[in-house]
Amino acid sequence: MTVHFIGAGPGAADLLTVRAVQLLRTSPVCLYAGTYLDPEVLAYCAPDTELIDTQHLDIDQIIGHLVRADESGKDVARLCSGDPSIYSALTEQTRRLDADNISWDVTPGVPAYAAAAAVLGTELTVPELVQSVVLTRTQARSTAMPDSEALANFANTGATLVLHLAITRIRTLAAELVADYGAECPVAVVYRASQPQQLVLRGTLTDIADQVEATNLRQAAIILVGRALGEASLCARSHLYDPARNRSN
């Protein structure tokens, strides 16, 4: 028996990997977070699959389901929103499984930030403008952030910022970022990227909070901040594709 941690991607059923679909079809038990998942994803499961929505379960209850499946000799598809490598509680769950000698593996998925960038039609790294992307979150009533990872420290780099789990604090965050990015810095908010309820808001650090609050977004949204979200005319030519470089070769 094996617990398969599977990246469910941003939610769209057709953005799962081939491996993920195969595991869903063959696992007798499937745990998923109903808050973020497009229900069509579950259509890949066999008709007799035991489906368990984890949105109202704590970690002990989730592990309990995994242990019971192991005792019954059943493989489990454990769907994670986005990619398991980011904010998935993978470590908390796998260390408990290790303690119980339960086998597990990981199948990657499309990260939510990548789906958001695709919806925007935006490359997050633009030659001679920005070459780094920072994936982070903020802390309110959630797990504390290390002091060294204060938002101001990342903002000082000028990198493209991708903020997860932060939509309810967007007014405070926008105000914090003005000093490093400027009031007119482009900002985009993508809610449920790739899903039927998808919503895209574009603005600047000056007005994005007003837009978000007008739509009452409270979850499942990614905030992207940085000059890479601006006009494509600002883009310099990449050295890799520079004709002069190719001629010299």
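How many bridges join strand β7 to strand β10? I opened my notebook with that one, keeping in mind that the model is predicted. I found three bridges between β7 (residues 160-164) and β10 (residues 221-225), and the two strands run antiparallel. I also looked across the pair and saw that Leu 163 stands opposite Ile 223 in β10.

Next I traced the sheet around them. I counted five strands in an open sheet, in the order β6-β7-β10-β8-β9, with mixed pairing. I noted β6 (133-137) and β9 (199-204) as the edge strands, since each pairs on one side only.

I found helix α7 (residues 208-215) across β8 (186-191) and β9, running at about 150° to β9.

Then I turned to helix α3 (residues 90-99). Which of its residues are buried? I listed Leu 90, Gln 93, Thr 94 and Leu 97. Seen down the axis of α3, these fall within an arc of 95°, so they line one face of the helix. I was happy to recall the general rule here: an α-helix has 3.6 residues a turn, so residues three or four places apart point the same way.

On the other side of α3, I found Thr 91, Arg 95 and Ala 99 exposed. I asked myself what the buried residues of α3 pack against. I wrote down β1 (2-7), α2 (59-71), β4 (76-80) and β5 (103-107).

Key
Residues are numbered from 1 along each chain as its sequence is written. This is a predicted model: local features need pLDDT of at least 70, side-chain atom pairs count only at pLDDT 80 or more; totals for chains, interfaces and linings use all residues. Side-chain values use heavy atoms; hydrogens and water are left out. Buried means under 20% relative accessible area, exposed over 50%, partly exposed in between (1.4 Å probe, protein chains only). Helices (H or I, at least four residues) and strands (E, at least two) are DSSP runs, numbered from the N terminus. The arc is that of the directions from the helix axis to the C-beta atoms. Contact means heavy atoms within 4.5 Å. Two strands pair if DSSP finds at least two bridges between them. Axes are lines fitted to C-alpha atoms, for helices over the stretch in contact, and angles run from 0 to 180 degrees between N-to-C directions.
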